[in-house]
Amino acid sequence: MKLSQRRIWFLGTKTAASVAPKDPIRLSIITQFFPPDYAPTGQLIDELARLLSNQGMSVDVFTGQPGYAFQETTAPMNECVDKVNVRRSRTVRFWSRRIRGKTINGILFVLRALFHLFHIRQSHILLLTTAPPFLPLLGYFAKVWFKQRYICLLYDLYPDIAVQLGVIPEQHWVAKLWRRINKQVWRQAEAIIVLSSSMKDRVINHCPELADKVYVIHSWADPSWIVPLEKEANWFAQKHDLVDQFTVLYSGNMGRCHDLDTIMAAIEELRDEPIKFVFIGDGGRRQFCLDYVQQQNLTNVLFLPYQDKQILPYSLTACDLTLVSVDSKMEGLVAPSKLYSALASGRPIAAICDNRSYLSTLIKQAQCGATFENGNGVGLASFIRLLRGDRQLAEQMGQSGRHYLQTHFTPPIISRQYFDLMRQAVSVTRR
């Protein structure tokens with residue numbers, strides 16, 4: 001019986017826990033980004049690998065050399081961290097902040113990972129991410145050549161993103177070929193993991209016969225590490241003069257998939273009010289924001305670079321409101337991981353997204369903030385004014401969001417969902 005013919009009840013009273021292999025599961029993960037990179041996908045995979053190892057899995061990771069680290073340009077080719085064996089490609093990344101450079105680096109990593117397949121034939125299951133986007137194709141090769149079972153973890157959906165960004169036309173032969181390859185890869189996978197219900201709908205729309213093989217497993221944040229902290233006691237807030245100002249934070253990637261125009265409109269609307277906007281991070285649209293602020297002579301904005309991971313509990317709680325945004329064309333194609341750390345921080349959330357987005361549903365369920373249609377900068381500005389004038393409401397929303405995270409998206413809860421899915425896949429294949 002194939003995995004797709006059996007249902008796994010993640011959050012119910014029954015799980016796959018009753019089906020357990022005799023030996024520890026040997027899991028091999030292939031992903032381009034991994035610490036010391038600060039890319040969110042790499043950080044999440046690092047945490048997931050450790051969590052699964054703590055649950056008794058034997059975990060190996062194959063990854064690339066750092067391209068988005070703070071200081072390091074290289075990392076050890078082989079190391080063992082908390083029982084997780086990490087092996088890195090020899091290939092150093094070039095021009096990692098340019099689109100062409102990212103493409104070249106991705107191709108080089110996939111070629112190096114192709115050779116790595118010959119070393120993982122003893123694994124029970126292979127987990128492939130979409131970093132780089134065409135990496136899951138290696139799972140198909142592993143299945144054909146070595147009968148290796150694999151699971152696809154889709155952080156984002158290509159070529160759909162490339163089409164929506166105007167990189168390639170909808171009917172371009174590259175897009176058509178990529179979609180055909182995706183279907184072949186997904187059909188041969190034991191399971192497909194996506195990060196949101198919207199993303200699941202997109203995958204099923206492309207390949208309806210996979211409906212029973214697609215599982216939604218959200219990202220997560222650790223509420224014992226990111227803890228609400230009053231700004232008066234927060235050294236990061238003190239350092240950047242944020243204690244006495246109502247502060248709105250955007251933290252993370254400022255890329256083409258995010259709606260920064262609506263945020264800029266709200267900033268301009270509030271230019272003469274005692275409200276500070278703080279941007280922490282980098283990305284393809286950071287320069288757009290810098291130019292806009294300069295052109296409009298806005299003085300209520302502070303830009304900071306990415307922060308070391310150990311600073312996040314302080315930078316994320318140095319605000320009064322957190323922003324999350326997704327471009328309307330990207331609905332179901334990406335899922336911002338910053339949402340979960342924002343929930344853990346105990347601060348209310350303002351999300352800019354399509355009203356059909358899973359973000360809108362989640363924030364309503366969590367009662368942790370409000371959502372705004374793309375382009376509604378005036379509405380966003382009004383909500384910011386509301387929270388500035390009603391600190392009790394802001395505190396209530398922040399507490400509700402943190403409670404929702406603690407009951408739905410903690411590391412133990414999410415890692416158990418991964419563990420059960422992989423154990424089910426291994427148990428089925430052993431029969």
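Ile-107 counts as partly exposed because its relative accessibility is 41%; the cut-offs are under 20% for buried and over 50% for exposed, with partly exposed in between (1.4 Å probe, protein chains only). This is a predicted model, where local features need pLDDT of at least 70, side-chain atom pairs count only at pLDDT 80 or more, and totals for chains, interfaces and linings use all residues. Residues are numbered from 1 along each chain as its sequence is written, and side-chain values use heavy atoms, leaving out hydrogens and water.

Ile-107 sits in helix H2 (residues 99-116); helices here are DSSP runs of H or I with at least four residues, strands are E runs of at least two, and both are numbered from the N terminus.

Now for Ser-345, in the loop between helix H11 (338-344) and strand S13 (349-352). With 0% relative accessibility, Ser-345 counts as buried. Beyond residues up to four places away in sequence, Ser-345 touches Ile-226, Pro-228, Leu-316, Thr-317 and Thr-322, contact being heavy atoms within 4.5 Å.

On to the cores, meaning sets of buried Ala, Val, Leu, Ile, Met, Phe, Trp, Tyr and Cys residues joined through side-chain atoms within 4.5 Å.

| Core | Residues | Some members |
|---|---|---|
| Largest nonpolar core | 97 residues | Leu-27, Ile-30, Trp-186 |
| Second, separate core | 32 residues | Ile-263, Met-264, Phe-372 |

Leu-27 is among the members touching the most others, and its contacts beyond four places in sequence include Leu-52, Val-59, Ile-125 and Met-422.
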